[in-house]
Amino acid sequence: MKIIHKISELKKITKNTNKPIGLVPTMGALHQGHASLIKKSVEDDNFTIVSIFVNPVQFGINEDFDKYPRTLEKDAKLCEELGADIVFSPSIDEMYQDTKELTLVCPPYSSINKLCGKSRPGHFDGVATVVSKLFNITKCSKAYFGEKDAQQLFIIQKMVKDLNFDITIIPCPIVREPDGLALSSRNSYLDEKARQDALKLSKALNYAKELWQKGIKNKQILCDSALKILEGTIVDYIEIVNPETFEDWEEKDKNALMLIAAKIPTTNTRLIDNMELR
């Protein structure tokens, strides 16, 4: 396995690789959720690239860009153990020559004026831009994304379709700890007390799912019931959407997805989670 820092060097390798390329885009601080994406790519493709880049363009003012965990040596070791061929870890200057006058890829306002996009303005412009760059740099034929970032996954799938990228997006299931906590690089911020509070997200989702299975499909009741369980956290949103459109869920819709974002106040850690109601 090689660790590549330069775009030009990576392009030389991919140009001479006559194999389908799988891409796993990450910001590093890899955990078993990322590992599941890498394993899937290694199984599916003849050549796997894992990108590790903490993307400044998707962080807002007063967010955790500076303290976001950076563990390249450990991450690269995991990638090698899992069978990846390349770790692409560019510097900010390598990826962005001028962030002040950067051409951005801007998803439709209707996709980003809600949920995480509402409380993190500009976030999904940054995500769509860096993912587009990675698609162009790696020349991948498949790209693997976790379903925990459900809104991000929806936006990237739409971008690929709208901009005619010849790439297949492979969604991969959420990976959880035995107690239900969704794996996240930001879990490293949590102390013991904060981790117990973080568990409220998955507990709220599971309770809403139980109510759904008992026949309670009133959106207000489901959200209010989840909100009670989230007491002690700072709730950003609780929403139920149609996962095919990300529009507000209506009773005529066949499928429903509940999404939660909340801050754990003792460590000021913002976490997200979601679950299909069925």
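Colleague: Which helix holds the place of Leu153?
Modeller: This is a predicted model, where local features need pLDDT of at least 70, side-chain atom pairs count only at pLDDT 80 or more, and totals for chains, interfaces and linings use all residues. Residues are numbered from 1 along each chain as its sequence is written, and side-chain values use heavy atoms, with hydrogens and water left out. Helices (H or I, at least four residues) and strands (E, at least two) are DSSP runs, numbered from the N terminus. The run covering residues 150-162 includes Leu153, and that is helix α8.

Colleague: Is Leu153 buried or exposed?
Modeller: With a 1.4 Å probe and protein chains only, buried means under 20% relative accessible area, exposed over 50%, and partly exposed in between. Leu153 has a relative accessible area of 8%, so Leu153 is buried.

Colleague: Which side chain makes a polar contact with the side chain of Thr269?
Modeller: A polar contact is a pair of N or O atoms within 3.5 Å; within protein, one must be able to donate a hydrogen and the other to accept it, and residues adjacent in sequence count only if both atoms are side-chain atoms. For Thr269 the distance is 2.8 Å, and the partner is the side chain of Thr267.

Colleague: Happy to move on to the packing: which residues touch the most other members of the largest nonpolar core?
Modeller: A nonpolar core is a set of buried Ala, Val, Leu, Ile, Met, Phe, Trp, Tyr and Cys residues joined through side-chain atoms within 4.5 Å. The largest one has 44 residues, and those touching the most other members are Phe88, Met95, Phe135 and Ile169.

Colleague: And which helix gives the most to this core?
Modeller: The leading contributor spans residues 123-138. With 8 residues in the core, the answer is helix α7.

Colleague: How many residues make up the second, separate core?
Modeller: Leu190, Ala226, Leu230 and Ile238 are among its members. The number of residues in this second core is 26.
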